[in-house]
Amino acid sequence: MAEPYRVTVIEESQVAPPPNSVPTTSLPLTFFDIPWLPWGPMQRLFFYQLPQPTNYFTQAILPTLKDSLSHTLQRFFPFAANLVYPPQTDKPHILYTEGNSVPFTVAEAAGDFNHLIANYPRDVRELHHFVAHLPPTHVSSDDTRLIPLMATQVTVFPNEGICIGITFRHAAADGRAFHHFMKSWASICRKGGDLTCLGSSPPFHDRAVIKDPNGLAHSFLKEMGNWASALEEDSDLINNIAEKVRATVVLCRAHIEGLKKWVKGQCTNKEDLEPLHLSTFVVTCALTWVCLIKSQHKGVSNFSDDNSKLCYFIFSADCRNRLKFPVPCAYFGNCIAPCFVGLEKREVVGETGIFEAVKAIGNKVGQLETEALRGAETWASGGKEMSEMGSTIVSVAGSPRLGVYDTDFGWGRPKKSEVVHIDVTGAFSLAECRDEDGGIEVGLALNRKNIGDFNAIWEQSLKLF
């Protein structure tokens, strides 16, 4: 580890919605939620510049931060609830009861704050000091499992800044719902606890808007079997990721526009050009996918032996405005479609690999506009089957449309935000660029031996545009 971070816990408490502000509420899981049940926790860090001593933070800022979280949980109560999994049933559900709360840890860290928020490669283990840890699953006397859904940790770097770390279960919410929660908490904190700042955008909790005429929810639960056994955190995780480093590469607006122009130039006829879906998301994912596959196999002597093997790219698409039944934009839960794109390895690493990747990802995005639920029956099993076939899989977490850097608690925009769980999943992350409108930040967690190869291939690719 480049530099040790000494972290001391100052306080451990629980934050709940205001007393008697939320009635006992049970929310069923929909077919959008269920495929995420076996997934490990989602982990997001927000770093803020705040050059104040620790005692100033604990006396002047912490009370407002906790009070505003309490009021936010009044609206976003599922995060304070438990995922309930009764024995011998196919109906796990989210249950909020009076007294449910979110663990809230306050810690102080000694170490280099600016090193943590840098873009250059750093040991991935450094960030794990600041990740909130979910409480363990509670098993009642009748074998019902109660699975906590969220935890928070605020770490103070004296006279430098703070880090807000959130860990949550994906089955409770997708990225859009989570960032709705974060921006609401930030707004309420910035306004001194005034809930009216939420205006006309409170979360929408009625799961009845999600129609399931084909019984997908029941089918997914049958396919996944004993999913609950996969939920406990890996206590040896810090050692399992020891050979990885974390870095951020920035794709500036000029490069994105150049990439789009270059892709158009690769089209040999009008038929190729017209259906192209050249969004910033598509071209950024295509470029990153190709660079990752090339870097993973650079220098492999028998590389050509498996050129016909499929490489898969997996992304999630927001379906709130893509379904035949209306779903409000503020719907709280999951409303995303896992999307699978496959190309032969020879296509990905060939001279026209970026163009082929743009076409494949763009075609899938275009299909979503009219057939968002096409292939939905494979959502719960698709990734597992690809892994069992030995396919190379790359996935992406986050989206530049989520507005990560708009999360202002009153101390200004975050200096950096990181998706920590990519250390384990192998995904890369996407966010809008903090310092340039129209740019993109790509977060990576790669083995030390691969990061240099990736950077070289990335820089070489940018010269095309």
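**Exercise 1.** Determine the handedness with which H1 passes H3, and then describe the geometry and make-up of their contact.

*Solution.* H1 passes H3 in a right-handed crossing, a crossing being right-handed if the near helix is turned clockwise from the far one by less than a right angle, and left-handed if anticlockwise. The model is a predicted one, in which local features need pLDDT of at least 70 and side-chain atom pairs count only at pLDDT 80 or more, whereas totals for chains, interfaces and linings use all residues. Residues are numbered from 1 along each chain as its sequence is written, and side-chain values use heavy atoms, with hydrogens and water left out.

Next, take the axes, which are lines fitted to C-alpha atoms, for helices over the stretch in contact, with angles running from 0 to 180 degrees between N-to-C directions. Those of H1 (residues 54-75) and H3 (residues 175-190) come within 8 Å and cross at roughly 130°. Helices here are DSSP runs of H or I with at least four residues, and strands are runs of E with at least two, numbered from the N terminus. The angle makes H1 oblique to H3, since under 35 degrees counts as roughly parallel, over 145 as roughly antiparallel, 65 to 115 as roughly perpendicular and the rest as oblique.

Finally, list the residues in contact (heavy atoms within 4.5 Å): H1 contributes Thr64, Leu65, Ser68, Leu69, His71, Thr72 and Leu73, and H3 contributes Phe181, Ser184, Trp185, Ile188 and Cys189.

**Exercise 2.** Which residues of the largest nonpolar core touch the most other members?

*Solution.* A nonpolar core is a set of buried Ala, Val, Leu, Ile, Met, Phe, Trp, Tyr and Cys residues joined through side-chain atoms within 4.5 Å. Of the 73 residues in the largest one, Phe57, Leu65, Phe79, Ile164, Phe181, Trp185 and Phe409 touch the most other members. H3 gives the most to this core, with seven residues. Leaving aside neighbours within four places in sequence, isoleucine 164 has contacts that include Leu65, Trp185 and Phe409.

**Exercise 3.** Is threonine 284 buried or exposed, and which residues does it touch?

*Solution.* Threonine 284, located in helix H8 (residues 280-297), has a relative accessible area of 1% and is therefore buried; buried means under 20%, exposed over 50% and partly exposed in between, for a 1.4 Å probe and protein chains only. Not counting residues up to four places away in sequence, threonine 284 touches Leu251, Leu430, Ile440 and Val442.
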